[in-house]
Amino acid sequence: MTCLATELTKCGIKFDKVERRVRYLNLLLFYSNFILMRCRCFPHVVNRACKSVLGAITKLDFAANGAPEYVPTIGPQPRSFLDAIDRDPIATVRTLVRVTRSSSLRRQYFSEILKTLEKKDLQLLRDVDIRWSSTLLMVERAILLREAIDKFLESDEFEELRKYQLTEVEWDALEAFHRILSVPHAFQQKLSAEKTPTLCNAIPSYEAMAKVWEAQQHKYPETSHIIQAGLDKLEGYRDRTDLVPAYVLAMSKLIESAHFTQT
């Protein structure tokens, strides 16, 4: 640095300005490396992958607070899986849940239908944009109460709600969405439930989750493009772990600990 100061002085350049610039660049480089090499929360990464999947199957704008009601398109009944996606059964269920729960008369009538069917008196669940897995839970509850929902919408009591009735193809699509979304939910639950550090499980979990989704792609090719949206997001974060030695170090410590435990 002294040699640099001498040469700059000969050229009539004040060294203090250059020194500040050099220090600024060094600081910038330090923080850039820090951002690249920081450890990421695996459940949060899984949630981002889940959001990518949701973006491929439903209009996320309708999940926000204060969003307008979603009204299904009026036209020919959906005949294929892609037709069902275009009609957005998740948004349809979400709106149905909201309009049903907003009225005490509708809630009471729905409860009476459940009682008639000799089923447990359960409420329909509405997803929340900022709550992990809430869309999965909403879809899961709707599938569980499908018979009651169909009877509720077929009733003459609330004819204005018949536009939210789902076809067989749309129910099949919800089953497919539930199957796909159950994968990130399972991994989130597993790692979030641990009471000890789980950094050592991050890379194996990335690989395991990707394999489960890839298996679904082969078994259900019609959903391949939906799952790929989640895989692409997952792969982007997985590549960043290669820059962080802490992941491999944590795995090696786990293996070492297991070895000594067995011996």
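**Exercise 1: Around helix H6**

Just after H6, glutamate 118 adopts a positive phi of about 60°. This is a predicted model, in which local features need pLDDT of at least 70, side-chain atom pairs count only at pLDDT 80 or more, and totals for chains, interfaces and linings use all residues. Residues are numbered from 1 along each chain as its sequence is written, and side-chain values use heavy atoms, with hydrogens and water left out.

Task: Determine which residues of H6 are buried and how they are arranged about the helix axis.

Solution. Step one concerns the terms. Helices (H or I, at least four residues) and strands (E, at least two) are DSSP runs, numbered from the N terminus. A residue is buried under 20% relative accessible area, exposed over 50%, and partly exposed in between (1.4 Å probe, protein chains only).

Step two sorts the residues. Arg106, Phe110, Ile113 and Leu114 of H6 are buried. Seen down the axis of H6, the buried residues fall within an arc of 100° (taken from the directions from the helix axis to the C-beta atoms), so they line one face of the helix. Leu105, Lys115 and Thr116 are exposed on the other side of H6.

Step three finds the partners. With contact defined as heavy atoms within 4.5 Å, the buried residues of H6 pack against helix H5 (89-101) and helix H8 (146-154).

**Exercise 2: A buried glutamine**

Task: State where glutamine 216 is found and which residues it touches.

Solution. Glutamine 216 belongs to helix H10 (residues 202-219). Its relative accessible area is 10%, so glutamine 216 is buried. Leaving aside residues up to four places away in sequence, glutamine 216 touches Arg179, Ile180, Val183, Thr223 and Ile227.

**Exercise 3: The whole chain**

Task: Describe the secondary structure of the chain and the confidence of the model.

Solution. First, the chain has 12 helices and zero strands. Buried residues make up 38% of its 263 residues.

Next comes confidence, given by pLDDT, the predictor's confidence in each residue, from 0 to 100. The chain has a mean pLDDT of 79, and 71% of its residues reach 70 or more. Confidence is lowest in helix H2 (residues 15-37), with a mean of 47, and highest in helix H7 (residues 134-144), at 96. Over residues 27-37 the pLDDT is below 50, and this stretch has seven contacts in the model beyond near neighbours in sequence. Over residues 253-263 the pLDDT is also below 50, with two such contacts.
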